[in-house]
Amino acid sequence: MKAAVFYYTQSGQALKVAQSLCKTIDEVVCKAIEPKCSFPFPWSRREFFDVFPETRLGMTPFGILPFDFSDVQDVDVVIIVGQSWFLSPSLPLQSFFEDDEVKAYLRGRDVVFVNACRNMWVMTLHKIKEYVAECGATLVGHVVLQDHHANLVSALTVVRWLMYGKKQKSVLLPEAGISADNINGASRYGAIISSTIKNGNITHLQELLVDAGAIDYKPSIAFIEKTGHRLFGIWASFIRKKGGFGDKNRRFRLDMFYVYLLFVLFVVSPFAQLFFYLTYPVRHVGRERRVALSVRNNQ
């Protein structure tokens, strides 16, 4: 079996995930997604929040460098590895799916999306489903590798990592990002992808991945994410009224969003989780879980 793997990474985490996933696949061709406008790592706070409005609204201000597709025309599956930014696919991932040459390449192909993220991925998957469908491709599998620490703990560690480059554990905080055990364990998902395609059973791939633990769906986190996604849309539109990507005129509104986000993350979200559990009996958690785990737009 031959697979094409397209990945975007800043810290190297997504690349490690891709390499682990592909250990059990016979032949793999890896290609890095390189945006025309590169991003720093670690980020400064201003640079990080300046990409928020365009990320949430899906308004990519730049494209990606072109690919050579000549060595991946005969692949059996396309695996795309990336991450979420601000409850949406990262800007480089969005630029990838919006590229005309990429769209032409993906048309008619089977796609597996792998999200290496903190812990909120439901709305990213929803958007990826739309992108894949618009390309004329078929999303046959979805894998999530995430930080399994408590929500507030993972928020602190990821900020420390993204802003200050400190990934290692400290006296008070664990190591940031996806654990090494989880990254190494991703090879079993690659084995499932390989064997399923070889057996001609690709329509059942997602079911097999879910049974193997490829997605850990947390309904209380999904509730916070969906609410935040709607509010992020309002904030993004509000900020864009002062200018596009890189415009100094919108800095004050970006600073307002930063303060709002800290308040929501560390003050509101614990109460939101409590509210979710108090209202759990009247929620359609089972249906929401089925939709989240599915690779189809409606289920």
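Q: Which residue does lysine 2 form a salt bridge with?
A: Lysine 2 pairs with aspartate 74, and their closest N and O atoms are 2.8 Å apart. A salt bridge here is a side-chain nitrogen of Lys or Arg within 4 Å of a carboxyl oxygen of Asp or Glu. This is a predicted model, where local features need pLDDT of at least 70 and side-chain atom pairs count only at pLDDT 80 or more, while totals for chains, interfaces and linings use all residues. Residues are numbered from 1 along each chain as its sequence is written, and side-chain values use heavy atoms, leaving out hydrogens and water.

Q: Is lysine 2 buried or exposed?
A: Lysine 2 is buried, at 11% relative accessible area. Buried means under 20%, exposed over 50%, and partly exposed in between (1.4 Å probe, protein chains only).

Q: How many salt bridges are there by this rule?
A: The count is nine.

Q: What does lysine 31 meet in a salt bridge?
A: Its partner is aspartate 71, at 3.0 Å from N to O. Lysine 31 is buried at 12% relative accessibility, whereas aspartate 71 is partly exposed at 32%.

Q: New topic: what about arginine 45?
A: Arginine 45 forms a salt bridge with aspartate 255, with 3.4 Å between the closest N and O atoms. Arginine 45 is partly exposed at 35%, and aspartate 255 is also partly exposed, at 26%.

Q: And which residues are linked in a network?
A: Salt bridges link Asp50, Glu54, Arg240 and Arg250 in a network.
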